[in-house]
Amino acid sequence: MAVAYQSISPVANLSMRSPSPSYIKAPSPKFSALKDGVTVDISHARNVYNPARNMVYARFSDNDWANSNKAHYMLSDRERAQANNLRADAWRAVKETDDRTRRRQAENTRKLANRRDDIHFWKQELINEIRAMENETENLQEHKRVLEKAYMATANPLHIAEECLLHREKRTGIDMVHDDVEKELVKEVDVIKKCQEKMKRCIQKAHIQLKLNRAALHECEKDAKDKHHAQNIDDRMHQLRNSSVGIGYYPGIENVDNT
């Protein structure tokens with residue numbers, strides 16, 4: 001705490017002179033110290049006439065000098081104690097902040113390692129799924145090709161059966177009978193047409209499924225690519241240390257939106 005002194009100057013240049021130094025009753029300057037905003041009197045000075053200079057000077061006693069030094073010492077000691085306490089509090093805050101930062105850094109490093117392992121696991125699952133999807137798509141394309149070939153192969157038997165029925169319609173008279181042969185030809189035409197309808201529906205479903213497989217395969221490949229990029233970033237971040245080169249510390253980075 002700074003110490004402020006207030007002084008009231010004595011009366012100078014007295015007209016009366018004395019043959020020897022003597023104490024003259026005159027207004028004495030008061031010295032005070034400011035302590036916690038409150039003025040505290042330290043001592044009162046006494047006026048002494050000096051015949052050599054023909055002036056009156058303020059003089060203090062030894063006790064006044066000792067009391068003043070003691071007051072300054074006590075004030076400086078209190079200030080030093082407060083400074084030590086403040087320095088100890090600041091150092092304790094620094095240590096607590098450092099410990100908390102190290103704990104959080106270790107926790108984040110552990111979480112980053114777990115995230116890296118999770119990304120690696122799901123990336124492998126995606127790769128396996130992509131391979132299975134590619135195999136399934138190839139098999140579906142092959143079966144679709146075989147089904148289309150079978151569908152085209154049914155056209156000739158159908159044409160023959162219909163041709164037979166058409167020729168049987170050329171009969172005349174009593175030969176126009178609905179015998180077993182005609183019944184079987186009609187049944188054969190009906191079965192072939194039903195089979196063609198089923199194969200046509202299967203071909204259409206396979207065509208739609210192939211489109212869905214290609215779209216899903218594209219999304220899986222895109223997701224796998226993103227996971228590969230994220231894994232590279234997490235690997236690089238997990239290897240960083242406080243002593244790593246090229247690290248920039250930016251204030252307020254913890255205020256970034258978590259989403």
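This is a predicted model: local features need pLDDT of at least 70, side-chain atom pairs count only at pLDDT 80 or more; totals for chains, interfaces and linings use all residues.
Let me start with R145, which is partly exposed at a relative accessible area of 44%, where buried means under 20% relative accessible area, exposed over 50%, and partly exposed in between, with a 1.4 Å probe and protein chains only. Its partner is E142, and the side chains of the two meet in a salt bridge at 2.5 Å, N to O, a salt bridge being a side-chain nitrogen of Lys or Arg within 4 Å of a carboxyl oxygen of Asp or Glu. E142 is partly exposed as well, at 38% relative accessibility, and both residues belong to helix α1, residues 62-153, where they sit three residues apart, about one turn of the helix.

Residues are numbered from 1 along each chain as its sequence is written, and side-chain values use heavy atoms, with hydrogens and water left out.

Now to the overall layout. The protein has three helices and four strands, and from the N terminus the order is β-β-β-β-α-α-α; helices (H or I, at least four residues) and strands (E, at least two) are DSSP runs, numbered from the N terminus. Of the 259 residues, 17% are buried.

The UniProt record, an unreviewed entry, annotates residues 123-153 as a "coiled-coil region", and such annotations may be inferred rather than shown by experiment. In the model that span is 100% helix and 0% strand, with its end C-alpha atoms 45 Å apart.

Coming back to charged pairs, the structure holds 14 salt bridges. One of them joins R171 and E182, at 3.5 Å from N to O. This pair links distant parts of the chain, since R171 lies in the loop between α2 (155-168) and α3 (180-238), whereas E182 lies in helix α3, eleven residues apart. R171 is partly exposed at 22% relative accessibility, while E182, at 14%, counts as buried. Elsewhere, salt bridges that share partners join R116, D117 and D235 into one network. Within that group, D117 pairs with R116, their closest N and O atoms being 3.8 Å apart; D117 is partly exposed at 43%, and R116 is partly exposed at 22%.

Finally, what about disulfides, and how many does the structure hold? There are zero, taking a disulfide as a pair of cysteine sulfur atoms within 2.5 Å. As for the cysteines, C164 is partly exposed at 33% relative accessibility, whereas C220 is buried at 18%.
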